[in-house]
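Let's take a walk through this structure together, from the overall picture down to single residues. Keep the sequence and the 3D view side by side as you read.

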Amino acid sequence: MLGGNKHVSSGTLKNSFERRSVLIGGLQTAVGVLLAARMGWIALVDNEKYELASESNRVNLTLIPPRRGAILDRNNVPLASNRMEYRIDIVPERLVDPEGTIAKLGTLLGMDEVALRDLSDKLEKAHGFQPLGVASGVPPEVYDKVLVRLPEMPGVMAAQGFTRWYPTGPSVGHLLGYVGPATAEDFKAERNPLLVTPGFKLGKDGLEKQFEAQLRGIPGARRAEVTASGKIVRDLEMRDDIPGAPLQLTINGPLQDYAARRLGLESGSVVVMDCLTGDILAMASMPSFDPNSFADGIGRIEWKMLSDDDHVPLRNKVLRGLYPPGSTVKPAVAMAFLEAGLDPNASVNCGGGLRVGNRVFGCWNRRGHGSVNMAKAIYQSCDVYFYHFAQKIGMDPIAAMCRRLGLGEKYDLPVTAQHYGTVPDPAWKQKKYNKPWAVFDTVNATIGQGYMLVNPLQQAVMAARIASGKLLQPRLLMNQKVPDAPSMGFSQEHLDYVHKAMSDVVNGPGTAGRARLPIPDVLMAGKTGTAQVVSLSVSDGKSGPWKYRDHGHFIAYAPFDNPRYACAVVVEHGGGSGSAYPIARDVMTFLYDPAKALEVLHGMEAGWGGTPQQRMAARYRSYSAQYGATAPKPADEAEIQRRSEGPDPAAQAPRSAVTEAAAPRPEPDAAPPAPAPTASPSAPAGEAPQP
Amino acid sequence: MNRRIIPEAIAREPWQVIVPLFLLNLLGCAVLYSAASGKLEPWALRHMIHFLGFLVIAFIISRLPRELFKAIAYPVFIALIVALVLVDLIGSVRGGSQRWLNLGFMMFQPSEPMKLSIVLALAHFFDSLPPALTRSWRVLPPLGALVLVPVLLVMLQPDLGTGLSIMIGGLAVVFMAGLPMRWFVGAGLAGAAFTPIAFFTLLHDYQRRRIMTLLNPEEDLLGAGYHITQSKIAIGSGGFWGKGFGNGSQSHLDYLPEAQTDFAFATMAEEWGVLGGLFVLAVFLWVFHWGLKVSRNAPDRFSSLLAAGMTFTIFFYMAVNMLMVMGLAPVVGIPLPWISYGGSALLTNMACIGVIMAVDRWSRRGGPLTS
């Protein structure tokens with residue numbers, strides 16, 4: 001450089017320009033070399049890495065949800081199967097304009113205000129990864145319309161897939177449970193990409209949940225070329241799914257459906273067992289929910305309907321309903337007496353009550369039964385007879401017999417929850433309440449009141465064990481070996497005696513004359529039971545508020561001389577056993593003559609407003625009209641679980657020790673009527689049981 | 001020999017540059033044809049029409065007399081400054097960023113011709129400056145005004161990329177004009193010290209994010225980092241030979257954003273590989289070499305500064321764009337001339353070529369004495 005400013009001339013500037021233009025040229029070349037080197041680094045050295053990245057961009061691997069294994073009844077009739085359908089899902093993470101997209105979808109699919117509200121509820125709770133079902137069972141022409149407009153609605157997916165289908169809907173709701181999309185908790189527990197695949201559903205309750213692993217199957221896969229926005233350009237490769245293995249139950253599908261529908265407007269359960277094998281042929285609990293409509297989640301209106309219903313449609317009452325069994329324990333108590341050596345002909349005189357010390361325990365029949373032996377005590381359900389001999393024989397043999405016959409027992413069944421109740425005895429009471437056993441405790445226990453709580457399945461097992469004399473275990477899965485049930489070790493003489501007495505309940509001068517089967521040569525044996533819910537001072541148990549009415553029980557088996565089927569019916573707050581035994585009669589009739597039984601049912605359903613599905617649909621419409629989208633948001637899954645497994649308000653164990661004897665409730669048909677040759681298809685109200 | 005067959009007027013044109021540029025533009029057309037899934041519409045055909053039209057404009061520019069360039073240097077510069085002020089005023093009234101003036105018959109973006117105008121104005125300035133003043137501190141106030149006023153006006157729009165590009169074009173001319181080297185070294189050091197402060201105070205949030213993203217594109221895979229990541233995947237997956245014409249999945253399946261404009265080089269590299277990239281680089285380096293040769297052979301100070309400044313303007317376009325698509329510079333909206341689709345950038349660059357061609361003509365017609 002030249003030292004001072006003064007010497008600068010155009011010549012020196014020209015020289016400086018020459019030098020600096022070389023410098024600039026060098027800079028440009030250097031940048032060119034840098035770029036070439038950088039490009040070589042990316043495209044040659046790191047080529048493999050970027051090629052892989054480009055391929056994973058281009059090719060999209062989608063899982064195809066496997067077809068779920070069918071659930072079959074004992075004759076391979078599907079209780080749950082899969083139905084091909086078109087469905088629309090959204091992936092919240094990919095939504096660009098959630099409100100606009102939902103509005104657009106709503107118009108395309110013709111969704112009403114309620115459906116839109118349910119969808120935005122789901123969207124609110126959604127997690128990015130979790131696809132949301134918008135609509136399933138979309139008609140093909142609507143599906144095509146959505147398909148055409150997919151490009152303008154990023155985040156919306158339309159696909160053809162399989163959906164769970166329960167042909168008999170609510171009839172199998174409690175038995176099978178339902179399926180639904182995976183929750184965030186499910187995904188945390190099982191980090192499987194299948195769980196977040198649109199259209200995939202897993203078992204949420206009942207057998208669907210219990211046998212998830214077996215029913216699920218192995219997903220198929222599809223490799224497709226996709227654009228950045230997720231649009232499929234073409235399929236590259238397909239791998240078919242492997243459907244889940246079917247599950248065969250001991251259930252008789254048509255019988256299950258019949259039993260559920262026959263419960264009608266009542267809240268109750270029906271259990272039917274095979275007396276040879278212990279197979280559970282039907283296990284119905286009503287009212288129920290329609291598992292078909294749960295598949296895409298529970299909407300506001302549905303939730304409001306379920307919450308408002310005091311008949312607790314979410315609870316499986318067969319397994320989770322606990323009731324005082326009432327007089328249905330009397331055959332068991334009689335067996336205990338016989339085993340203890342009591343002569344069945346030993347009689348007491350029933351004058352309407354029994355005096356023990358300075359207290360009088362009343363018989364349900366205040367006028368008294370006169371001279372009562374064991375047979376009469378069973379078919380007339382005389383309380384005084386049982387009070388009297390129970391005082392003599394003591395509580396322990398009675399409790400032991402009840403347990404032997406299956407009460408208080410938790411069975412080895414693949415079910416999500418089982419409440420097994422209480423068979424009280426002095427030791428139990430001492431431990432639980434720290435109070436000695438009292439006379440009135442025995443009085444209560446012998447008539448199935450007080451502390452005694454059982455579930456309907458236990459009552460059916462008790463009926464089956466008394467009927468067969470075998471230690472039958474209830475069985476739900478068909479694929480097991482039929483266990484050879486050992487004998488209970490009862491003397492045949494004792495069994496025959498009790499069987500005859502139970503037959504007389506129905507076919508003789510008993511308390512359930514109208515329960516006689518309309519089938520020639522098939523005689524049904526049974527025992528009525530009416531269990532009080534509140535003390536006599538609150539309600540007489542027959543009228544007044546529904547929740548104060550007595551529970552109706554009936555246990556039965558048929559044919560009485562060669563037991564084949566056993567049955568237990570419980571009607572919550574039915575007002576007495578008169579609400580229960582007509583149901584048992586018709587269910588038994590169905591086993592022998594389905595056409596005849598169905599005719600009766602159809603007549604009744606005409607009066608009830610249709611089948612359970614039709615009634616639910618009508619109720620939905622009226623709720624929808626009344627509440628619209630203002631119904632409260634549905635609870636989360638944990639809450640639904642809690643409600644289905646929590647205590648039944650209709651069947652609660654006493655919190656504190658019982659201090660009083662229960663007043664036995666009148667049994668219906670006390671005055672033996674002429675046995676009806678055929679069942680009259682009358683509404684339950686018409687069968688209001690009063691002696 | 002050629003001169004006997006071809007008329008001299010045609011033979012004299014710098015075909016050694018025009019032909020490579022035509023080939024480069026043809027490659028651009030091929031890339032745009034492929035990016036449009038094998039269709040001439042909407043880009044490829046228009047890209048060629050633009051090129052041919054702007055080539056005519058370049059030829060016209062190359063015929064303009066030196067005196068005309070000198071005469072319009074300041075008036076055009078001042079007119080553009082006025083236009084930039086208007087843009088900023090409209091922008092501050094409307095809010096948001098404003099870069100265009102609506103002239104009724106067309107949308108006019110004054111910052112684009114400013115890239116040429118600043119070079120022209122500075123070349124004229126140094127030409128008329130007594131040589132002795134070149135290394136005096138007294139040159140700085142007028143120089144500062146000439147460079148910083150348009151740069152600040154453009155950056156206020158805000159348009160950092162164009163502002164920077166105007167400043168670099170101006171600084172190139174200042175550097176070539178022969179200001180003391182230690183000033184540049186000093187300014188460079190001061191700039192390095194100032195950069196961190198500027199980063200945290202002057203830049204807008206989105207500009208800061210772009211720079212952060214450059215440093216760590218994987219951090220922000222779905223935001224601004226997405227552009228860089230996808231561009232590198234496109235270039236990297238092309239390998240040496242490329243995936244073949246029409247086989248670029250990154251561009252065809254829309255993973256590469258701006259595949260036909262700012263990231264056209266990546267679109268090209270995916271299908272044509274390193275081979276295509278080297279061709280593009282070679283053409284550019286050849287053009288720079290030619291531009292600097294012309295400026296060295298120029299008849300006077302004005303013309304040589306003009307040609308050098310124009311060359312550097314083209315270089316800046318190329319460098320920033322290619323550094324960006326290869327993940328070495330932040331994402332700024334500067335296209336790659338002759339490859340990317342877009343009229344205004346191509347017009348600017350073809351005008352640069354036209355000006356260099358004009359200088360080339362002047363040097364052929366007469367020596368330095370004519371001035």
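This is a predicted model: local features need pLDDT of at least 70, side-chain atom pairs count only at pLDDT 80 or more; totals for chains, interfaces and linings use all residues.

Two strands are said to pair when DSSP finds at least two bridges between them. Helices (H or I, at least four residues) and strands (E, at least two) are DSSP runs, numbered from the N terminus.

Residues are numbered from 1 along each chain as its sequence is written, and chains are lettered from A and ligands numbered from 1 in the order in which they are written.

How does the model score? Its ipTM is 0.92 and its pTM 0.68. For single residues we turn to pLDDT, the predictor's confidence in each residue, from 0 to 100. Chain B averages 87 on this scale, and 94% of its residues score at least 70. Within chain B, helix α13 (residues 264-296) has the highest confidence, with a mean of 95, whereas helix α1 (residues 2-5) has the lowest, with a mean of 60. Look also at residues 367-371 of chain B, where the pLDDT is below 50; this stretch has six contacts in the model beyond near neighbours in sequence. A contact here means that the C-beta atoms of two residues, placed from the backbone, lie within 7 Å.

Now compare the make-up of the chains. Chain A contains 24 helices and 19 strands, and chain B contains 15 helices and two strands. A residue counts as buried if 20 or more other C-beta atoms lie within 10 Å of its own, as exposed if 12 or fewer do, and as partly exposed in between, with C-beta atoms placed from the backbone. By that count, 49% of the 691 residues in chain A are buried, and 47% of the 371 residues of chain B. Among contacts between residues at least 6 apart in sequence, 75% in chain A join residues at least 24 apart; for chain B the figure is 70%.

Let's return to the strand pair we began with. β1(A) and β8 (residues 220-226) of chain A are antiparallel and share six bridges. They belong to an open sheet of three strands in chain A, with the order β1-β8-β9 and antiparallel pairing. Its edge strands, each pairing on one side only, are β1 (59-64) and β9 (232-239) of chain A.

Another strand to follow is β3 (residues 78-90) of chain A. With β2 (residues 71-72) of chain A it pairs in the antiparallel sense over two bridges, and L72(A) stands opposite P78(A) there. Five residues lie between the strands of this hairpin, in which N76(A) takes a positive phi near 65°. β3(A) also pairs in the antiparallel sense with β5 (residues 156-165) of chain A, over ten bridges; in that pairing, Y86(A) faces Q160(A). A further antiparallel partner of β3(A) is β4 (residues 132-136) of chain A, over four bridges, with D89(A) bridged to G133(A).

Next, step into the interior. A nonpolar core is a set of buried Ala, Val, Leu, Ile, Met, Phe, Trp, Tyr and Cys residues joined through C-beta atoms within 7 Å. The largest has 122 residues, and V271(A), V272(A), A463(A), A556(A), Y557(A), C567(A) and A584(A) touch the most other members. Helix α19 (residues 456-468) of chain A gives the most to this core, with eight residues. Leaving aside neighbours within four places in sequence, A584(A) is in contact with A515(A), G526(A), F554(A), A556(A), C567(A) and V569(A). Apart from this core lies another, of 111 residues, including L122(B), L153(B), I233(B) and M350(B).

Finally, where do the chains meet? Here 43 residues of chain B are in contact with 40 residues of chain A. On the side of chain B that touches chain A, α13(B) gives the most, with twelve residues. Helices that each supply at least two residues to that side include α8 (160-177), α11 (224-238) and α14 (301-325) of chain B.
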